[in-house]
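The sequence and structure are shown first.

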Amino acid sequence: MPSPSREIQIAPSILASNFVELARELRSIESADLIHVDVMDGHFVPNLTIGPPVVAAIKKVAPRPLDVHLMIERPEQYLEAYIDAGADILGVHAEACPHLHGTLGQIRKLGEQKQRRVRSCAVLNPSTPAEALEYALEEMDQILVMTVNPGFGGQSFIEAMLPKIEKIRGWIERRGLAIDLEVDGGITAKNIARAASAGANVFVAGTSVFGESDRKLAIEALRRAAS
Ligand code: DX5
Ligand code: ZN
């Protein structure tokens, strides 16, 4: 019986959706658990996507909570803008945060000030060891282990991330922490079981959901393979 923090959650990434038809695309994934929103600034990663006004527009029609993944420099300067735009989970990269512990605390505090529960998430690039966030575990509601180098959808899952996922799951279980463990990048119905066995319980999926014509079936296939 998985603990509450190990509930399987599927989070389609709208990066792989048709932005012209975004409202319809969002309706097509109502059977998902979360909606993953990739924010890129052209500096932290070599690609640009969307900012707070588009996140606010998505929030108005989103059928599920928003899992906002900030791939930006100086994320601490923009936390309030993304919380006001409607982020329910807000993820910041350890590599972009010289004061990671403080920035994660700030996410929770800003949520409380606005009388909302905003969950903090720490994100690790593939090249960053798990130990980079160990000191700040108490400040996290979620950890995101990148399984591709961030910046683009449609890349291949990096298998070498599995031991990192196992290590972090071990910390969560041994310390009895209520932290969700998310993976992002190259997740398919073929490899999701390996990420789940290593200890992940939240799965971002762009191409493997929006690349299929029947999104409900695609989400179901991922959920079944992860369970
Ligand atoms: C990559 C993004 C991912 C991406 C995943 O930088 O953070 O969320 O959209 O897309 P797929 O599932 O196609 O690898
Ligand atoms: Zn992402």
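## The largest pocket

In this predicted model, the largest pocket has a volume of about 310 Å³. Its lining comprises 26 residues, and those closest to the centre of the pocket are F152, G153, G154, G185 and G186.

Four elements, β2, β3, β8 and α8 (207-210), each contribute at least two residues to this lining. By class, the lining residues of the largest pocket comprise 11 nonpolar, 13 polar and two charged residues.

## Placement of ligand 1

The largest pocket is where ligand 1 sits. Elements giving two or more residues to the shell around the ligand are β2 (35-40), β3 (66-71) and β8 (202-205). Of these, β2 provides the largest share of the shell, with three residues.

## Composition of the shell

Ligand 1 is surrounded by 20 residues, of which D38, G151, D184, G206 and T207 are the closest. The shell around ligand 1 contains eight nonpolar residues, 10 polar residues and two charged residues.

## Polar contacts and burial

Oxygen atoms of ligand 1 take part in contacts with both side-chain and backbone atoms of the protein. On the side-chain side, a polar atom of S13 lies 2.8 Å from a ligand oxygen atom. On the backbone side, a polar atom of G151 is 2.7 Å from an oxygen atom of ligand 1, and a polar backbone atom of G154 is 2.9 Å from an oxygen atom of the ligand. Taken alone, ligand 1 exposes 380 Å², and the protein buries 98% of that area.

Notes:
Residues are numbered from 1 along each chain as its sequence is written. Chains are lettered from A and ligands numbered from 1 in the order in which they are written. This is a predicted model: local features need pLDDT of at least 70, side-chain atom pairs count only at pLDDT 80 or more; totals for chains, interfaces and linings use all residues. Side-chain values use heavy atoms; hydrogens and water are left out. A residue is near a molecule or strand if one of its heavy atoms lies within 4 Å of it. A polar contact is a pair of N or O atoms within 3.5 Å; within protein, one must be able to donate a hydrogen and the other to accept it, and residues adjacent in sequence count only if both atoms are side-chain atoms. Accessible areas come from the Shrake-Rupley method with a 1.4 Å probe; for residues, only the protein chains shown count as cover. On a 1 Å grid over the protein atoms alone, a cavity is a set of points where a 1.4 Å probe fits but cannot get out, and a pocket is an open set with protein on both sides within 12 Å along at least five of seven lines; lining residues have an atom within 4 Å of a point. A molecule sits in a cavity or pocket if more than half of its atoms lie within 2 Å of its grid points. Ala, Val, Leu, Ile, Met, Phe, Trp, Tyr, Cys and Pro count as nonpolar, Asp, Glu, Lys and Arg as charged, and the others, Gly among them, as polar. Grid points are joined across faces, edges and corners, and a volume is the space filled by probe spheres set on the points.
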